[in-house]
Amino acid sequence: MINIRTVLRVFGALLMLESVAMALALLVSFIYSEKHSFHLFLSVAITFFSGFVLHSAFRNDEITIARREGYIIVTGSWVLFSLFGTLPFLLTGSISSFTDAFFETMSGFTTTGASILSDIESMPHSILFWRSITQWMGGMGIIVLSLAIIGEIKIGNFQLFAAEVPGVTKDKLHPKLKETAKRLWAIYVVFTSSETILLVAGGMSLFDAVCHSFTTMATGGYSTKNASIAAFESPYIHAVITLFMFLAGINFALAYFALKGNFKKILNNDEFRFYGKICITFTVIVSAVLWLRNGYSPLNSIIYGSFQVISIITTTGFATANYELWGSFLLMVIFLLMFTGGSTGSTGGGIKMLRLLILTRNSRQELHRLLHPNAVLPVRINGKAILPTLINNVLAFVVLYFLVTGISIAIISLMGYDIQTSFGAVAASLGNIGPGIGDVGPVENYSHFPVFGKLYLSFLMLVGRLELFTVLILFTGSFYKS
Amino acid sequence: MRIVIAGAGEVGTHLARMLANDNHEIILIDTEELRLRPIDSSLDLLTYHGSATSVNILRDTIGKKTDLFIAVAHSEDTNITSAILAKRLGAEKTFARIDNMEYLEKGTSEFFFSLGIDNMIFPEYIAAQEVLGLLHVTGTTEFMEFSGGKLMLYVQKLEENAPILNRSLQEIAESFKTHQYRAVAIKRNERTIIPRGSEQFQAGDLAFVVSTPEGIDEMMLFSGKENFEAKRIMILGGSRIGKHVASQMQKESEVKLIDIDRDKCQILADTLENTLVINGDGRNVELLEEEGITRMDAFVAVTGNSETNILSCLLAKKLGVKRTIAEVENMEYISLAENTGIDTIINKKISAASRIFMHTTNPNITEIKCMTGTDAEALEFLVPEGAMITTAPLRDIGFPKDALVGGGIRDDKPFIATGDTHIMANDRVVIFALPSAMKKLSKFFE
């Protein structure tokens, strides 16, 4: 049966980790000598103390993580992080309702970037920083972070890793999982700090640069400005952020080999090539329409076109323009791109490139089979035939993805929303994008949803971030039977 | 330690499982992706899909530094090739699993060493050696010698008639003055316990006893067993193990070997001059009775089929054979088979894996044995100068509760340890440890 003591002990360790991140926000509030530092200190203390108590209460228990514990720990810790993550918002009075604060935190950790705040710029620096760092932690993953820096979980750690890291197959960079996690985080830190330097060089303030780098690399989309990236008029800044959004959508295992000088591996990778092709094709389509039909200048159409296409494909959700005014064709394109997602093993959400690639190739083989009924037609990825069980897994994932989307659209429209808003809110939450279409477009926010609506969308964000199976398995009866 | 295991068969997988939870970096190579997937998703190691004889794959997996390369694929040729390649590509120490007696002969093994294979593992030969040992020491379930037989570890199955039943370790120790042996562990109802003085023995227990050579007869007496000479032996299955056991035992005993395959029997009869080779089905009671199973001293079942081995041993036991040994290769059956009354279960995977495992441990460990029915291990340590274990008598050094010092050898003389024993540098000590104690142990020997 499920070993609840192990689960609680791991929760304790993870909460202490969250309090460290919160302490960074406290530090920011000291730097800007904000008046509510004490309230932030209180949130750090409550989180740390709760974690400490849980951890020491079960300190003497052997850690045994089997499959069931793995799923509970991963899903549970994301919910727990979001619950405690509301403390800075609630105690400082930045957000008064618990539902709103929970929505904002869950949207942060899952790197969705959907907000209920209408005036972001009125928030204190420490709160803006906390919003950004929730995304940064959630981007690479809470469990992956804990595996990299705390030695708490030694046995059964792969169960956790596999349940949290997005992707079809999980790439290990090193025989030891702890080392793999360390390397993933190292690349993440390298990318984030390079972006910060480049943004500061482009004239952004250090605070804004750090916050935006956090949310770009996490493909999150929280901004410190009401107008998102549109607030910065420099084309250079737009270009830098476009580049790093693209990088954040690459499989980090490939990025690791590229950083080590092995470019062949990344250039020959089917998923990377597919991702590149999709990004380029849609940038060309959107830019062309912007130039020829919407009257943008050629340079602007490329800058605005590429930014928006990559922002949506990688599920970041930054905006430099209100795409809802671009006409129905481009709006349709943007909406469809909400389902693709970045590469597997990236920080992006959505269905992901590898799955789309496998499905396309599989469908092509099925067509081929009509002519050659007895042919053996393997689906090849990176030159190797993949196992049929993997194709089944991908098919099941996509079917579930659309099933959840369909049911959720019906639920949201029951709350009285029009079709566009229902489609937009669901696609943007499940895909961890943030801004959708309709009443949740890039210049609107989610504050108008009723309490249940906000909670339901938060749930969708979690389901999307943990790639359906990890969360949905907890709702199956057989999970609780021994 | 970085360890590359080529071949995710039974030996490879078992080794990976044993090693994965220590601080080793393990890479497991196999050509079958389906075989790797369950291991990849449950153990902290890296799996690599491909051929272990591919130079590119070996280069990738061996990397800058690999301490141990273990080739345990099914095919001997693959293993030899990949071990030689691995050595050239920078692996420090190489192991290859072979299935050919000739390679182990004097002169031949040196030749392979010069090619780059440091150690050759022949699981069937190791298992056969174990069977031979058990046919000579017939009163015990399993045994192991330390320092060339100066100290032994015996595993005794306690039957209803054992004189020590329902007596505590303390009482037994007080009843004699010579401290020649000591129980270091008891396996009861699937659990292995390290006993304290108040622990009482119960029927059905497996007692792990460390003894000096002088103490053995007394110890046997107390556990209700005795050593007898195996004069008549019946072997079921002309496998490599069966063949090797027969060829050794035929020199001193009357050996009958039964195999179901007529052609195989022809070949066996040709090579085994003093063995009576019989062609027939070992599950056939009439055949066994006809061949006089009731008069046999020992019955060894080593066919390739674990079920046949277990069932025929049970039959032999029922017909009055005193010593039954069954080869059981399905890990799931081992516990089950042990509780049925078969005297000893052997498993060539565990034997082979534990041979290799020894090379991955602390350099102070000079001998190691993984027991078949329990995951505990018996280890022999050489105590270095200034080690923590030498600082005070055993009861005062805070020795882990899940391990026990059974005894040792000092100046070539064996001794049995008690709480008052003070271990000194250069002693060899024999320790029985549960897996949970393994990490804690090494700090006592630094």
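Among contacts in chain A between residues at least 6 apart in sequence, 71% join residues at least 24 apart, where two residues are in contact if their C-beta atoms, placed from the backbone, lie within 7 Å. For chain B the corresponding share, again among contacts between residues at least 6 apart, is 62%. The model is predicted, so local features need pLDDT of at least 70 and side-chain atom pairs count only at pLDDT 80 or more, while totals for chains, interfaces and linings use all residues. Residues are numbered from 1 along each chain as its sequence is written, and chains are lettered from A and ligands numbered from 1 in the order in which they are written.

**The two chains**

Helices (H or I, at least four residues) and strands (E, at least two) are DSSP runs, numbered from the N terminus. Chain A has 21 helices and 2 strands. Its radius of gyration is 22 Å, close to the 23 Å from the globule rule for 482 residues, so chain A is as compact as a globular protein of that length. Chain B has 15 helices and 22 strands. Its radius of gyration is 23 Å, close to the 22 Å from the globule rule for 446 residues, so chain B too is as compact as a globular protein of that length. The radius is taken over C-alpha atoms, and the rule is 2.2 Å times the number of residues to the power 0.38.

A residue is buried if 20 or more other C-beta atoms lie within 10 Å of its own, exposed if 12 or fewer, and partly exposed in between, with C-beta atoms placed from the backbone.

| Chain | Buried residues | C-alpha box, roughly |
|---|---|---|
| Chain A | 52% of 482 residues | 65 × 55 × 50 Å |
| Chain B | 47% of 446 residues | 65 × 65 × 40 Å |

**Contact between the chains**

In chain B, 10 residues are in contact with 10 residues of chain A. Strand 2 (residues 25-30) of chain B supplies the largest share of the chain B side, 3 residues. By class, that side has 4 nonpolar, 3 polar and 3 charged residues. Here Ala, Val, Leu, Ile, Met, Phe, Trp, Tyr, Cys and Pro count as nonpolar, Asp, Glu, Lys and Arg as charged, and the others, Gly among them, as polar.

**Nonpolar cores**

A nonpolar core is a set of buried Ala, Val, Leu, Ile, Met, Phe, Trp, Tyr and Cys residues joined through C-beta atoms within 7 Å. The largest has 135 residues, and those with the most contacts inside it are A:Ala25, A:Val74, A:Val144, A:Phe161, A:Met217 and A:Val309. Helix 1 (residues 4-31) of chain A gives the largest share of this core, 12 residues. Another core, of 85 residues, lies apart from it and includes B:Ile117, B:Met120, B:Val277 and B:Val321.

**Local features of chain A**

A:Phe272 lies in helix 14 (residues 270-292) of chain A. This residue is buried because 22 other C-beta atoms lie within 10 Å. Apart from neighbours within four places in sequence, A:Phe272 is in contact with A:Ile250, A:Leu254, A:Ile266 and A:Ser343.

A:Ser33 sits in the loop between helix 1 and helix 2 (37-57) of chain A. Its phi is positive, about 30 degrees, although A:Ser33 is not a glycine. Most residues other than glycine have a negative phi. A:Ser33 counts as exposed, because it has 7 C-beta neighbours inside 10 Å.

**Local features of chain B**

The domain assignment of chain B, which is automatic or from a database, gives domain 1 (2-121), domain 2 (134-222), domain 3 (229-321) and domain 4 (352-445). The C-alpha centres of domain 3 and domain 4 of chain B are 39 Å apart.

In strand 8 (residues 151-157) of chain B, 7 of 7 residues are buried. On one side these are B:Leu151, B:Leu153, B:Val155 and B:Lys157, and on the other B:Met152, B:Tyr154 and B:Gln156. Strands pair if DSSP finds at least two bridges between them. Strand 8 of chain B pairs in the antiparallel sense with strand 7 (residues 142-146) of chain B over 5 bridges, and B:Glu142 stands opposite B:Val155. Strand 8 of chain B also pairs in the antiparallel sense with strand 11 (residues 206-211) of chain B, over 6 bridges, with B:Gln156 opposite B:Ala207.
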